[in-house]
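Open your viewer and get ready to select residues by number and chain.

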Protein chains: 2
Amino acid sequence: MSYKERLQTWRDRMSEELDRVMNFWIQHSHDEEYGGFFTCLSQNGDIYDDLKYIWLQGRQVWMYCHLYRKVSKFHKEEILNAAIKGGEFLLAHARPNTDSIKCAFVVTRDGQAVKVQRTIFSECFFIMAMDELWRTTKEDQYKEEARKTMDQIVYWVREDSSGLGRPELPGAAPVNAMAVPMMLLNLVDQLSEEDEEAAKKYEDLRKWSTERILQHIQRDGSAVLENVSDEGKELPGCLGRHQNPGHAMEAGWFLLRQAIAQSNHDLGRIAVEKFVLLPFLSGWDQEYGGLFSFQDVDGHCPTQLEWSMKLWWPHTEALIAFLLGYQATNDPQLLEHFQKVFDYAFSRFSDPKHGEWFGYLSREGKVALSIKGGPFKGCFHVPRCLYMCEEILSKLLAECDKT
Amino acid sequence: MSYKERLQTWRDRMSEELDRVMNFWIQHSHDEEYGGFFTCLSQNGDIYDDLKYIWLQGRQVWMYCHLYRKVSKFHKEEILNAAIKGGEFLLAHARPNTDSIKCAFVVTRDGQAVKVQRTIFSECFFIMAMDELWRTTKEDQYKEEARKTMDQIVYWVREDSSGLGRPELPGAAPVNAMAVPMMLLNLVDQLSEEDEEAAKKYEDLRKWSTERILQHIQRDGSAVLENVSDEGKELPGCLGRHQNPGHAMEAGWFLLRQAIAQSNHDLGRIAVEKFVLLPFLSGWDQEYGGLFSFQDVDGHCPTQLEWSMKLWWPHTEALIAFLLGYQATNDPQLLEHFQKVFDYAFSRFSDPKHGEWFGYLSREGKVALSIKGGPFKGCFHVPRCLYMCEEILSKLLAECDKT
């Protein structure tokens, strides 16, 4: 197969798969009565629980708006309406206390708070939803909600986290967990899209987040560690040795996106070498294929029970990372790695019978949980990956035609 | 093999295994410098983290004292000293705030609080440790600590839980989670041993706990559910349908112990039929053997990633439940089930090379985590099971000799 034919084959597969995945969510997840989305869906789309996880609600609103806005075949009334009803559900019910920006982690079907976490992630996806809704509908209220919530979480992260309700304990030194600067960098990208004023406002935060991510390169550049000290040093014990290959690769394409936008070749090189190739080479299971969920940099057995299970989202992030890395560098080894992950993911995770992807395989690659959605899996990683890959492959194909 | 020979074979294996298991902990887990125990131990006993989980510290103190007190071969200075140093570590460091009974969940090696949970379980095992230390050393301070902490947790559970720091949320109706009355019943047994005054003081709590456990029999007596409403009704969604076969079987032997002590045959029958046989028959994996970790009573796929993994402790609790059930009823099918679990557990979990048991197998029965101890596994379920089984088997053998 020629280079161009390979790109075409991949692009066509991504495009078909995106249709099937979105059909699954459109068909099964809309709550017509209360608004918002059911995400606890079984293999065939049956609802096995009606709890609403706020971060998954926010992610689905974001995904729907983004596709509506960017892809003509998804520019449909049905998609826009579901996104707006999801956004209105969030506005009405995400915050259990009307005096506070703090969001619930999970609410009942009709929006009563069940659980509040002492982290910032529900709020982050609330912002993603609101900003994307504003871009889609031009309703200023959504923009204001996004900006107000963003100011608050930046304050919690950079100034004073006491509002999150976490007790300060003498044995718990501040940790730079990679998820936090990753999330903030992603939000800066979101809020700054075609908005110079916002880009300027968040320029310092962009730099800070990028630097905080780069602090996770440890051991003389030989490993990315998930948690480092506030000063960027390795932490003791399991916490310090913890690795999450899929998460590192997601950070990799977040950084690559910065590098491409800023034509920053050094950053691009670091992103590919340290955040894409290193985690892939250490995290790919040589025996059974697939990416491990967790590793210990010294080779100890991780204490997380699912450490050797193969989860869907590290594979979607790897696909984006390799394709974006190839787009930035033209390094052919990245396309070979892409092929390997593509073959594994499309043969193991994708469900030809009912659409969408299984989320959780055993180490050996058998389906361990038959659910298509749950407390941690909604309409986000799979369609985001398929959409982004289709877009990058189309650009690469357009370049082929030019030459 | 004759009936008596079977009992002897089992008893000898339990006895040898208990020696090997205790040797593992005595050899590898004592922190001579700070007191307390390392529980993050790899397959061969190497320490891979030095964090101290308070509930595991309490459990190990309890186990050491109990064996010292009850079994002559463990009546050793080394064991007593380690237990006392563990107890002193707890007294000095379990409570991050000296004005409050609330214990930390985990502390650093030298005792600085890392994390506090909004539950009662760290406190419960603190009580177990203190009471058993008092029975072993006759030092009144330990007794006072146990009683004072007990009063507080009973208040949190039965009067007002706001001291635990959990926010009251409109979507989170009060839940009767089986772990809570189980734990309280276990504590009543502990505190009342050969103490009529305590038995009288806790008589009402004993009844209340027993009733709250029995409320978990649902669906016209066809299933034990882990979580029910405060009024003993089934809850909606995954939370309500959640089953934990090993936990139900542990509740079974807690109830059986009540039934035997009170010569309450009805309770004994319910314990065996509902809490031992039902969960075993639904929870045993017909394809690969071993007990599932979690199930959904309607047969949906559980959302917990480890639902089909085989964990050590459901199997230790099943061994105790079947043997105690047999002792109470003489029903021979219980011995056949015991044999099945015994064969699985001793061939899969027990590590002939380095001692102690692996904790986590894949659904197919392969070792998934090679660790011997970690945040959730310490010196408790395995030796408690081996000690109790040896004791019951010895009684059954003594009855053989009488007849």
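Start with R109(A). It is partly exposed, at 24% relative accessibility. Keep in mind that the model is predicted.

E33(A) and R109(A) form a salt bridge, and their closest N and O atoms are 3.5 Å apart. Trace the chain between them: E33(A) sits in the loop between α1 and β1 of chain A, while R109(A) sits in the loop between β4 (106–107) and β5 (113–115). The two are 76 residues apart, so this pair links distant parts of the chain. E33(A) itself is exposed, with a relative accessible area of 59%.

Together with E33(A) and R109(A), they belong to one network of salt bridges that share partners.

Stay in the loop between α1 (3–28) and β1 (40–41), and pick E32(A). Its salt-bridge partner is K85(A), with the closest N and O atoms 3.5 Å apart. K85(A) lies in helix α3 (residues 77–93), so the pair ties together parts that are 53 residues apart in sequence. Compare the surfaces: E32(A) is exposed at 58%, and K85(A) is partly exposed at 34%.

Now show both chains. Select E364(B) and K366(A). Their side chains meet in a salt bridge, 3.1 Å from N to O. This pair crosses between chains. E364(B) is in the loop between β11 (360–361) and β12 (367–369) of chain B. K366(A) is in the loop between β13 (360–361) and β14 (367–369) of chain A. Both are partly exposed: E364(B) at 24%, K366(A) at 42%.

How many salt bridges are there over all chains? A search of the whole structure finds 70.

How values were computed: Residues are numbered from 1 along each chain as its sequence is written. Chains are lettered from A and ligands numbered from 1 in the order in which they are written. This is a predicted model: local features need pLDDT of at least 70, side-chain atom pairs count only at pLDDT 80 or more; totals for chains, interfaces and linings use all residues. Side-chain values use heavy atoms; hydrogens and water are left out. A salt bridge is a side-chain nitrogen of Lys or Arg within 4 Å of a carboxyl oxygen of Asp or Glu. Helices (H or I, at least four residues) and strands (E, at least two) are DSSP runs, numbered from the N terminus. Buried means under 20% relative accessible area, exposed over 50%, partly exposed in between (1.4 Å probe, protein chains only).
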